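User: I'd like to learn how to read a few features of a protein model, one at a time. Can you walk me through them?

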Amino acid sequence: MFKLGLIVLCVMVACGPTWSARTVDSHLGQKDLTRLQKVFVDGFGSSDLQSIFFSSLNIQLTDATQKEPLCKKIASLHAESKLNSFEKDYYYIGASRNLGCTAKIDEGLLSKVYGSLTTELGSSQEIFYRVVTHKVLGVEINEAAQAKLVKRLQELLKKDDTLSGLGYAFNVAPLLGAGASFIANRVEDAIVQADEVDGKLLQFEGGLSITSLIINGAFGVSKTFNKPLPVTADQAVKFANYFLSRRSVQTAKGAHVLIEALKTISGADKIAPVCVQLIGNGQLEAKSPTLNVAVVDLLGKPLTPSPKAVSAKVILKKDSSVLAEKIAVASKSSDKTTYVADLTSLKPGRGIYQAELNADGVYTQTLQFKVLGRVKVQSLEVGIAESDASAATRKQSVTYPGKLQEVLSADSTQKLLLKAALVEESNGKPLAVHQAFVRLLNKKTDKEIIFVAEQDSSKSYKFDMDVGNNGKNFNYQSGTYSIYLTVGDASLSNSFEWLVAEVQLKFNEEKEVKPKTTSGPLPEIVHQFRVPDKRPPRIVSDIFTGLCITPLVLLFVFWGKLGINVSNLTLAPSTIGFHLGFGGILVLFFVFWLQLNMFQTLRLLIPIAVFTFLAGNRLLRRLYAQRNSKPSAS
């Protein structure tokens with residue numbers, strides 16, 4: 001008997017299941033089923049024979065005006081399809097039967113299908129499609145043909161024991177009679193090849209199609225041949241988590257195999273996981289702490305049979321203190337999927353709790369939930385004081401949720417004060433909250449500035465603002481500001497924002513603040529070169545040029561006075577080449593001075609310098625040889 005149970009609680013924000021057995025935290029809900037239904041509807045409009053087949057398998061068309069065009073369409077798609085012949089034959093014949101097409105299937109096609117079992121089929125996939133095609137046609141396969149197929153299946157699995165091959169073998173074996181029971185020995189070989197992801201999911205390489213193919217086939221084998229279930233309860237949970245993670249599938253085939261796989265796992269009474277899902281956000285009011293939990297199967301249906309006895313142990317998470325050892329969790333009479341636990345008698349205070357659930361002594365799960373408290377403003381004082389404490393502070397009390405009638409006024413020599421005492425409504429104890437802000441809003445410009453209120457030694461929240469020192473934060477915009485107190489906390493059910501008073505602030509310096517450009521193109525950046533330095537007067541450059549030429553002029557003058565000794569000058573190629581090269585370098589420097597730049601000059605100087613170096617080297621060697629030959633001759 002399928003016993004089941006699990007109920008109660010859940011939570012978000014810091015709430016959620018922390019430990020569980022044979023449970024998952026989601027299921028295929030109504031929104032998911034509606035979306036998958038749309039996938040099937042869209043499948044009828046596609047030009048894919050496979051999509052139309054799986055859509056027709058899940059949606060029954062009653063409108064004859066829709067059926068006939070589809071029947072003609074699948075006939076043409078079958079002729080054009082590039083799928084394997086055994087696969088497209090199955091989709092075409094199956095879709096024709098599902099749609100109730102009036103046109104008869106071609107006799108040649110039927111003869112091919114009937115005769116296929118007498119041939120040697122090439123794979124377990126082909127055996128599967130040929131056998132299920134016979135089933136769709138309502139044709140029984142005789143025992144001799146079954147025995148032949150079983151033998152062929154054994155031969156194929158010896159050569160091809162891939163996951164795909166085993167998956168199709170698992171699905172076809174129940175249709176081939178007792179002789180195919182050998183396949184049960186291969187189930188474990190396939191299951192151990194499942195990949196585990198993060199310790200939460202189990203899947204086979206190949207994705208949703210292969211995983212569904214193997215799971216559906218393995219469960220079918222165990223049921224047909226009366227064998228143990230192919231997976232354990234823990235594995236069933238992990239496979240269910242994987243299938244539920246693929247609920248966003250977009251193809252008709254994917255949607256069909258997803259639903260079939262979840263049905264298969266849900267139908268395994270001894271190991272089927274159930275979904276325990278919180279109704280609401282897991283935050284309970286302290287005045288009426290009632291937990292509501294949905295307990296359903298993987299497809300969102302009520303459990304059958306319902307759990308007989310469900311109880312919960314409630315623990316305060318902060319210090320692990322036990323509020324109750326056993327609290328009854330009852331099924332809601334009007335809704336068999338909802339279970340309720342009334343915690344009013346426990347009078348839980350604000351905080352996070354855990355509930356350890358036990359259903360029929362078989363199913364256990366630990367969930368955590370939050371009980372919200374309520375904040376109360378015990379007192380609030382607002383006033384103006386002198387910054388140098390030269391005068392007494394003028395404070396006025398305001399009662400929540402009222403507003404101070406008088407408009408306060410403060411200038412740059414004064415400061416604005418606010419002090420609020422927050423307590424818990426249930427016991428009057430001082431309360432520390434996550435958020436306590438004072439917001440000042442300029443009524444004219446609609447600009448605001450927010451300050452944090454700090455808790456002092458008396459557990460009251462204080463706000464102290466020196467008007468003069470904070471002028472920059474307000475852009476020195478004097479005017480009337482509304483004072484808001486904002487109190488918020490994740491563990492409070494009545495967080496609030498309260499308009500306390502209005503104050504006229506006067507700053508020393510008023511500036512017109514230009515709005516900052518937050519979007520749009522930036523100004524164009526135009527590059528500017530450095531402005532050249534001012535050149536000296538023309539006469540300075542002329543004098544400098546004359547001084548540079550003076551040594552050359554003096555050289556020619558002295559040559560004219562003293563004479564030039566050119567007796568050793570010969571007309572040898574090295575002599576002529578050296579002097580031409582040296583003269584060329586001088587000419588190049590002169591041209592550089594007039595118009596060339598450094599890079600142009602270097603490109604011309606390199607070849608001239610190399611030529612001059614080689615010619616000069618030969619000239620010096622010749623002169624040295626002449627000098628050494630003179631003493632020998634004498």
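Analyst: F128 and Y129 are both buried, which for relative accessible area means under 20%, with exposed being over 50% and partly exposed in between (1.4 Å probe, protein chains only). This is a predicted model, so local features need pLDDT of at least 70 and side-chain atom pairs count only at pLDDT 80 or more, while totals for chains, interfaces and linings use all residues. Residues are numbered from 1 along each chain as its sequence is written, and side-chain values use heavy atoms, with hydrogens and water left out.

User: How many aromatic pairs does a search of the whole structure find?

Analyst: It turns up 22 aromatic pairs. Rings of Phe, Tyr and Trp (its six-membered ring) pair if their centres lie within 6.5 Å; planes under 30 degrees apart are stacked, over 60 edge-to-face, and the rest tilted. Take F128 and Y129: ring centres 5.2 Å apart and planes at 75°, so this pair is edge-to-face. F128 also pairs with Y168, with centres 5.5 Å apart and planes at 50°, so that one is tilted.

User: Which parts of the chain does the F128 and Y168 pair link?

Analyst: Distant ones: F128 sits in helix α6 (residues 124-137) and Y168 in helix α8, 40 residues apart. Helices here are DSSP runs of H or I with at least four residues, strands are E runs of at least two, and both are numbered from the N terminus. F128 has 13% relative accessibility, so it counts as buried, and Y168 counts as buried because its value is 11%. Both rings belong to one aromatic cluster, made up of F53, F54, F86, Y90, Y91, F128, Y129 and Y168.

User: Y168 is in α8, so let's stay there. At what angle do α8 and α10 cross?

Analyst: The general idea is that two packed helices are described by the angle between their axes and the distance between the axes. Axes are lines fitted to C-alpha atoms, for helices over the stretch in contact, with angles from 0 to 180 degrees between N-to-C directions. Here, α8 (residues 163-172) and α10 (residues 208-224) cross at roughly 40°, their axes coming within 8 Å. They are therefore oblique to each other; under 35 degrees would be roughly parallel, over 145 roughly antiparallel, 65 to 115 roughly perpendicular, and the rest is oblique.

User: Which residues make that contact?

Analyst: From α8 it's L163, S164, G167, Y168, F170 and N171, and from α10 it's I210, L213, I214, N216, G217, A218 and V221. Contact means heavy atoms within 4.5 Å. By class, that contact has 8 nonpolar, 5 polar and no charged residues. In this scheme Ala, Val, Leu, Ile, Met, Phe, Trp, Tyr, Cys and Pro are nonpolar, Asp, Glu, Lys and Arg are charged, and the others, Gly among them, are polar.

User: What is the angle between α3 and α4?

Analyst: Helix α3 (residues 64-80) packs against helix α4 (residues 85-99) at about 170°, with the axes 10 Å apart, and the two are therefore roughly antiparallel. K67, L70, C71, I74, A75, H78 and A79 of α3 meet K88, D89, Y92, A95, S96 and L99 of α4. The class tally for this contact is 8 nonpolar, 2 polar and 3 charged residues.

User: Now the backbone. Which residues does a cis peptide bond join?

Analyst: As background, most residues other than glycine have a negative phi, and most peptide bonds are trans. In this model a cis bond joins T304 and P305, with omega about -5°, and P305 is in the loop between β7 (290-296) and β8 (310-316). Another cis bond joins Y400 and P401, with omega about 5°; P401 lies in the loop between β15 (394-397) and β16 (407-410).

User: And where is K459, with its positive phi?

Analyst: K459, with phi near 70°, is in the loop between β20 (454-455) and β21 (461-466). It counts as partly exposed because its relative accessibility is 46%. Y476 also has a positive phi, near 55°, and is found in the loop between β21 and β22 (479-488). At 22% relative accessibility, Y476 counts as partly exposed.

User: Last one: is G254 buried or exposed?

Analyst: Buried, with a relative accessible area of 5%. G254 lies in helix α12 (residues 252-266) and, leaving aside neighbours within four places in sequence, is in contact with L208 and V249.
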